[in-house]
Amino acid sequence: QVQLVESGGGLVQAGGSLRLSCAASGSTNSISTMGWYRQAPGKQRERVAIITSGGTTTYADSVKGRFTISRDSAENTLYLQMNSLKPEDTAVYYCNALVVAPPPIRYYWGQGTQVTVSS
């Protein structure tokens, strides 16, 4: 089992910055890829950024150049640095962890943290 707890959300003006954190506990050695997802009211959850255990990152086109995902394996913490925030970035942001071994594949989710960007 893996437990994920997000923090760092809040209210910020457009153009501002926030840094989200996700603390992982439990069977953290089994975690493969980690990522950030978000869900705005009335919309489906979408992937924002992911990072593999080897450090390879992938970003949604809408956040490229503005957001940076990073991972501190020693501290079992995932980060999302968000710069140049826009009102359309407003959403609940969720941390995700993928465990592939031992099978079956499992996904774990945090409880989410609200990010609100005012215009």
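**Note on strands, salt bridges and a disulfide**

1. β1 and strand β3 (residues 18-26) pair in the antiparallel sense, and 6 bridges link them. Two strands count as paired if DSSP finds at least two bridges between them. Strands are DSSP runs (E, at least two residues), numbered from the N terminus. Within this pairing, valine 2 stands opposite glycine 26 of β3.

2. A word on the source. This is a predicted model, where local features need pLDDT of at least 70 and side-chain atom pairs count only at pLDDT 80 or more, while totals for chains, interfaces and linings use all residues. Residues are numbered from 1 along each chain as its sequence is written, and side-chain values use heavy atoms, with hydrogens and water left out.

3. What is the order of the strands in the open sheet? The order is β1-β3-β8-β7, with antiparallel pairing. That makes 4 strands. At the edges are β1 (2-7) and β7 (67-72), each of which pairs on one side only. From one strand to the next, the twist averages 15°. Axes for such angles are lines fitted to C-alpha atoms (for helices, over the stretch in contact), and angles run from 0 to 180 degrees between N-to-C directions. As background, strands of a sheet pair through backbone hydrogen bonds, either parallel or antiparallel.

4. Now β4 and β5. Strand β4 (residues 31-39) and strand β5 (residues 46-51) run antiparallel and are joined by 5 bridges. Tyrosine 37 faces arginine 47 of β5, standing opposite to that residue. The hairpin of β4 and β5 has 6 residues between the strands. There, glycine 42 takes a positive phi near 75°.

5. β5 has a further partner to look at. It runs antiparallel to strand β6 (residues 57-59), with 3 bridges joining the two. Isoleucine 51 stands opposite threonine 57 in β6. The hairpin of β5 and β6 has 5 residues between the strands. In this hairpin, glycine 55 takes a positive phi near 95°.

6. Next, the charges. Side chains of opposite charge can pair when their charged atoms come close. A salt bridge here is a side-chain nitrogen of Lys or Arg within 4 Å of a carboxyl oxygen of Asp or Glu. By this rule, the structure has 4 salt bridges. Arg38, Glu46, Arg66 and Asp89 are linked in a network of them.

7. Is arginine 38 buried or exposed? Arginine 38 counts as buried because its relative accessibility is 6%. Buried means under 20% relative accessible area, exposed means over 50%, and partly exposed lies in between (1.4 Å probe, protein chains only). Glutamate 46, at 35%, therefore counts as partly exposed.

8. Arginine 38 also forms a salt bridge with aspartate 89, where the closest N and O atoms are 3.0 Å apart. Aspartate 89 lies in the loop between β8 (77-82) and β9 (91-99), and arginine 38 in strand β4, so the pair ties together parts that are 51 residues apart in sequence. Both aspartate 89 and arginine 38 are buried.

9. Aspartate 61 sits in the loop between β6 and β7. It forms a salt bridge with lysine 64, with the closest N and O atoms 3.1 Å apart. Aspartate 61 counts as exposed because its relative accessible area is 64%. Its C-alpha atom and that of serine 25 are separated by 30 Å.

10. Which cysteines form the disulfide? They are cysteine 22 and cysteine 95, whose sulfur atoms are 2.1 Å apart. The criterion is a pair of cysteine sulfur atoms within 2.5 Å. The structure holds 1 disulfide. Cysteine 22 lies in strand β3 and cysteine 95 in strand β9, so the pair ties together parts that are 73 residues apart in sequence. The torsion about the S-S bond is about -80°, so the disulfide is left-handed. Cysteine 22 is buried, at 0% relative accessibility. Cysteine 95 is buried too, with a relative accessible area of 0%.

11. Last, the surface. Val100, Ile105, Tyr107 and Trp109 form a nonpolar patch with about 420 Å² of accessible area together. Patch residues have over 30% relative accessible area and no salt bridge; like charges are joined within 9 Å, and nonpolar side chains (Val, Leu, Ile, Met, Phe, Trp, Tyr) within 5 Å. Accessible areas come from the Shrake-Rupley method with a 1.4 Å probe, and for residues only the protein chains shown count as cover. Tryptophan 109 lies in strand β10 (residues 106-109). With a relative accessible area of 38%, tryptophan 109 is partly exposed.
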